[in-house]
Structure formats: structure tokens, C-alpha cells
Amino acid sequence: MLVAADKFKGSLTAVEVAERVTAGLRRVVPEAEVEALPVADGGDGTVDAAVAAGFERREVRVAGPLGHEVTAAFALRGDTAVVEMAEASGLQRLPAGVFAPLTASTYGSGELLRAALDAGARTIVFGVGGSATTDGGAGMLSALGARLLDEEGEPVAPGGGGLTDLARVDLSGLDPRLSSVELVLASDVDNPLTGPKGAPAVYGPQKGASPDDVDTLDAALARYAKVLEAAVGPKAAEYAAAPGAGAAGGIGYGALLLGARFRAGIEVMLDVLGFAPALERADLVITGEGSLDAQTLHGKAPAGVAAAARAAGKEVVAVCGRLALPPEALGRAGIRRAYPLTEAEPDVARCIAEAGPILERVAERIARDFLV
């Protein structure tokens, strides 16, 4: 059987979920053949999933969202790199309780991409999600050689707020290696850059943006796209309206400007991780994530795993911390049954604190239901 689950955010990494499920299954059926393939949908945990699948972990020092240096990782196998923007520019890189909606920058994400190029990558899977930023990828472009200037010809301040003063963009200094690399934008978000469904309006409040901040950021990103038209022509406006442009505070837009191809994050990662051959070897697939809810059905890892498994005629069950989907919705997604931790332990606080041991007990139930 195949354990292909995402992380339980705040409790267990995807690797730990696989370990705990395997332990629980084997407690009931010691001889059970279990293959673990931790998965991710492009957001935080994507590099860890790639490393678990056999990629090499590479660490570099880059700028965090506030400009302080942090150690971030990307994954490399052959000439394929998996780069996770949250490693450099994610909310996890901010001090506890601190938000910087107007000033947080994606500069470090650009440095990570540059490190992948330095390592010889010819294909880069760029997983975006969990960002602390709403700068449209401006910082990333700067790290890769672009110049974003105000009326006086000085660099604008970092972050989405700084784009309010943007007057000119010079892309002539962009790293020339970008033109010969396949860049894949992997995300589960298909929002445009601006407007009511854009990055500031939909995701800005999660990053500490007040209603006034959201208005400022939306206007700044609209100005950014308008100024970029002078540098790249009408494609700047097309990319701003394209699905995925609003991913991770608009870094999707910056990636599209670099020639990235947008794909659903989980689909990309399943390809990269070697899911298809693992699926062939399995008779039962166990997927899951911390909360199985309406968002799960819109491109999250369990839905992608279940869709691929169903297409291959394999049975799928799911583990989760919390279940907020009715059986019929699970069935439509290709999941026969879900096993939430809250069924084994009704106390939610204890479920979070003791997720590992409780998940093992849940896996024992799966073994009794499907393997005995």
C-alpha cells in the first residue's frame, strides 16, 4: 500500500505522517508492505517532500522577508531543482506575531532561484504558497538582476508598498540563464494579480494587511503591472490577469514574467516525486492533510492524489486532523472514507499536541478495516 499524505500543519510534517501511519498499520499487520511517498502541493513542505523522494537538500544563505539573512533550502536531483518560495519568503520566516504586509520582500526567493541556476538546474519547479509577501515578485526580479526605479532613478523601497513609487523597470540585467531554463510555477491558487479576487484582497489580510493596506497594495500592484507594460509590452497586462498571477502575494506574476508555465502544484509534484510508478505497485492509497475541508477539493494534495488514484482504479482512504466534508463530497473526490483524529480523540487541543500517537491509533483502525 502507498502512504501519500501532506503535512498536518502545526503538528506533523508529511514525512512524520507517513512514518506514523506506517507504524500503526504494521502494529496490526506486521508483514504489511508499505511504501511512503510524502507529498506537497507547492506550498511549505515542498522541499522536504522532494528530499524524502530522493532529491539532495542544498542550503544557502538568503534574505528573509524583512531583509535579515536566513538559511533556506532547495532540492536538487540531476538537473531538476525544486525551489519553495516559503523557504525564503514565507510567513514562517517572520518573528512570532509580526507581520509586514507593505514591506515584506521576495528578494530571498530570487536568490534561491539563482542558487538553483548556479547548481546547474535546467528545470526548476517553483512551488509558491505560504508567503509573508505581497510584492508581485518584485523583490525576486530584483535579486535576478532587474532594476525597479522611482522618478529619480533610485531603487524603490522593498515590499509591495514600495511599488507605489515605481516609475520604470529595467529588465536588461536579468540573469541570462533564465531564458534557457524550464521554469514551472507550481501552485494551488489560480487568482489574478489584482482586483476583488487578486492577491491583496484575498490573501493580504492573512498577512496582517488592514483594509487600507489592501487598497494600497492593490493600487501598487496595478501600477507595477502598468509600468511593466513599457518594458515587456501588452503581455504584462495579460500575465496580471492570468490564473496563478496572484499566487503567494503575486510572486506568480513575477514568475510568469520570467517565462514560467503555470501548473496545479500537486500535479507537478506528483510527477516530480515519481507518484505514477509508486501507484502502480499499490493496492490501497492512504492520503490526507491536517484539515479535510472545502479547500481540499480545490487543488490541495489529497484531492490530487485521490484523482490520480481513482483514474488508475485504486482505492483511496484519507487521514486528517479534522474532517469538514460530508461522505458524498469525499466520494466525488475519489476518497472512500476519511479517518479524522477527532474520532479517536474528541479533544482538539490534545489532537494537535499528540497528533503522532493518535495518528498511529487511527492507522490501526485502517489496517483492521482494510487489511485484516
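This is a predicted model: local features need pLDDT of at least 70, side-chain atom pairs count only at pLDDT 80 or more; totals for chains, interfaces and linings use all residues.
**Stop one: two helices**

Start by selecting residues 14–28, helix α1, together with residues 355–370, helix α16. Their axes come within 7 Å and cross at roughly 45 degrees, so α1 and α16 are oblique to each other. Turn the view and you will find that the crossing of α1 past α16 is right-handed.

Now show the side chains where they touch. On α1, pick Val17, Arg20, Val21, Ala23, Gly24, Leu25, Arg27 and Val28. Across from them, α16 contributes residues including Pro357, Leu359, Ala363, Ile366 and Arg368. Colour this contact by class and you get ten nonpolar, two polar and five charged residues.

**Stop two: the sheet**

Next, bring up the open sheet, whose six strands follow the order β3-β4-β5-β6-β9-β10 with mixed pairing. Select 56–63 for β3 and 261–264 for β10: these are the edge strands, each with a single partner, so one side of each has no neighbour in the sheet. On average, neighbouring strands are turned by 30 degrees against each other, direction ignored.

Zoom in on β4 (residues 69–77) and β5 (residues 80–84), an antiparallel pair joined by four bridges.

**Stop three: helices on the strands**

Finish with residues 247–257: helix α9 lies across β6, β9 and β10, and runs at about 160 degrees to β9.

Technical notes: Residues are numbered from 1 along each chain as its sequence is written. Side-chain values use heavy atoms; hydrogens and water are left out. Axes are lines fitted to C-alpha atoms, for helices over the stretch in contact, and angles run from 0 to 180 degrees between N-to-C directions. Angles under 35 degrees count as roughly parallel, over 145 as roughly antiparallel, 65 to 115 as roughly perpendicular and the rest as oblique. A crossing is left-handed if the near helix is turned anticlockwise from the far one by less than a right angle, and right-handed if clockwise. Contact means heavy atoms within 4.5 Å. Ala, Val, Leu, Ile, Met, Phe, Trp, Tyr, Cys and Pro count as nonpolar, Asp, Glu, Lys and Arg as charged, and the others, Gly among them, as polar. Two strands pair if DSSP finds at least two bridges between them.
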